[in-house]
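Here's a quick tour of a few spots worth a look in this model. Have the sequence and the 3D view open side by side.

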Amino acid sequence: MKLPEGFIKKYTKLLNEEAPAFFATFDDPSYSGYRINTNKPGKLTTMEYLENKDRIDYCDTGFYGQIDGKTMDHVTGYLYSQEPSAMYVGEVVDAQPGERVLDLCAAPGGKSTHIINKMNNDGILVSNEIFGKRASILSENIERWGATHTVVTNESPDKLAPHFLQYFDRILVDAPCSGEGMFRKEPAGIQYWTEDYAAECANRQKKILASALEMLKPGGTLIYSTCTFAPEEDEQIAAWLLSEYGNLAMVPIKKYDGMDEGQPQWANDDPELSKAVRLFPHHLQGEGHFIAKFVLDADPAPEEIKVKAPKYNTMDKDETSLFNDFLTATGLRLPTGDLVKFGDNLFLLPIGLNSIAKVKFVRPGLQLGVFKKNRFEPAHSLALATHPDDIKAKIEITDEQWHHYIHGETITIEETKDKGWYLLVCQGHSISFSKLVGKTLKNFYPKGLRV
């Protein structure tokens, strides 16, 4: 790989005798990995994944290897393809059930899905992405993961902040950066590199972090990460945070074999910076990453900021009857949440989230379905988020029938059942909702997802 001369000069000076080994990694193949969704019921169905023993030490659900996007395990949200080093960010966030968490720069969703697993779908995750197309991809990945207490917003950090003042227990800022740590995986990024690019990125990162800290509760945790080697965006940003915000303190991050400490000498020589962690490709089987963790001093704690709850659209009498009929007929047990309508779509909004109506969003919680003329049609996201044990109306289908169904075909069953909506289940995996008419299961698999 041809690296910019300025890049070579910079890291030769910073890394000294380690520089040759560092540069040699850019000619090696990048590492691939995936995580398993522990919120999903049952087991994986693909033998290749069941037999994989190549675990990632620092991530209980992580494995080295590639996944096939056409397998049942992938399309039903049991697996997420993620670069191995990036997995450590979600581990460092260490979100807990019942917390309020913000993933501020979240697309495409790897770290958000990791956070959802850690929270066990209990609490509130606001997953934000400023760019519309990327926010849509983020929302699709959140849906496939079966998230029930996650909203996806599409705002700039400064516009998001006024609606969530001192609201979150944890905030992850996986900041947009110069991407030097991904050059091996995404060589096209090299063309954007200049000697001034890291400083430009650092200015943007400071603005994002300033907005993030407005949304962090006293006593809350801020995790800052990048996929670059640049000290301007790593140790120097951490040093700026400690200098600019006197009530912030760094938290030591556990270092596994092959992980390095932050480098104080690359900033202002503050020994606190060594509490951060660096992941270098010549020391670890993964790409380049930097992670720092901070806690906001809780003393003295200000009064909780009250946010007036907006008035949401609710179901009218006829819609309420249609939805209740669906719940009664299927025997579906819903997760906790507030039923809210946006247009003709019905969502389950996480309890305690009062600000979503005031910001631009892509997914305001779990989509339950849509009201059409004289009927309620369940959403695909509801199917992927439903545990087979939480619904009575379900039909087991075979692998062959699954293949036919995701191609857009109908399925014929032999047994006689009442007409209506059923959750299709294959090898313990929730597949989709289908409407049974006679002995034919009508196809409601989303056209954009058909294989």
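Predicted model: local features only at pLDDT ≥ 70, side-chain atom pairs only at ≥ 80, totals over all residues.

Residues are numbered from 1 along each chain as its sequence is written, and side-chain values use heavy atoms, with hydrogens and water left out.

Let's start with the rings. The structure holds 34 aromatic pairs, where rings of Phe, Tyr and Trp (its six-membered ring) pair if their centres lie within 6.5 Å; planes under 30 degrees apart are stacked, over 60 edge-to-face, and the rest tilted. Here are two of the edge-to-face ones:

| Aromatic pair | Centre to centre | Angle between planes |
|---|---|---|
| Phenylalanine 22 and phenylalanine 26 | 5.3 Å | 85° |
| Tyrosine 167 and phenylalanine 168 | 4.9 Å | 80° |

Buried here means under 20% relative accessible area, exposed means over 50%, and partly exposed falls in between (1.4 Å probe, protein chains only). Phenylalanine 22 is buried at 0%, and phenylalanine 26 is buried at 5%. Tyrosine 167 and phenylalanine 168 are buried too. Phe22 and Phe26 belong to one aromatic cluster, whose members include Tyr11, Trp193 and Phe280. Tyrosine 167, for its part, has arginine 100 over its face, 4.0 Å from the ring centre (the cut-offs are CZ of Arg or NZ of Lys within 6 Å of the centre and within 35 degrees of the ring normal).

Next, the aspartates. Aspartate 103 sits in strand 4 (residues 99-103); strands are DSSP E runs of at least two residues, and helices are H or I runs of at least four, numbered from the N terminus. Which side chain of opposite charge is nearest to aspartate 103? That's lysine 111, 7.4 Å away, and the buried aspartate has no salt bridge (a side-chain nitrogen of Lys or Arg within 4 Å of a carboxyl oxygen of Asp or Glu). Beyond its sequence neighbours within four places, aspartate 103 contacts Lys111, Leu125 and Leu172, among others, contact being heavy atoms within 4.5 Å. Aspartate 297, in the loop between strand 12 (289-296) and helix 11 (317-330), is partly exposed at 42%.

Finally, five strands make an open, mixed sheet in the order 18-20-21-22-19, with pairing requiring at least two DSSP bridges. Strands 18 (394-396) and 19 (411-412) are at the edges with a single partner each, so one side of each has no neighbour in the sheet. Strand 18 pairs with strand 20 (residues 420-426) in the parallel sense over three bridges.

Conventions
Lys, Arg positive; Asp, Glu negative; His and termini not counted.
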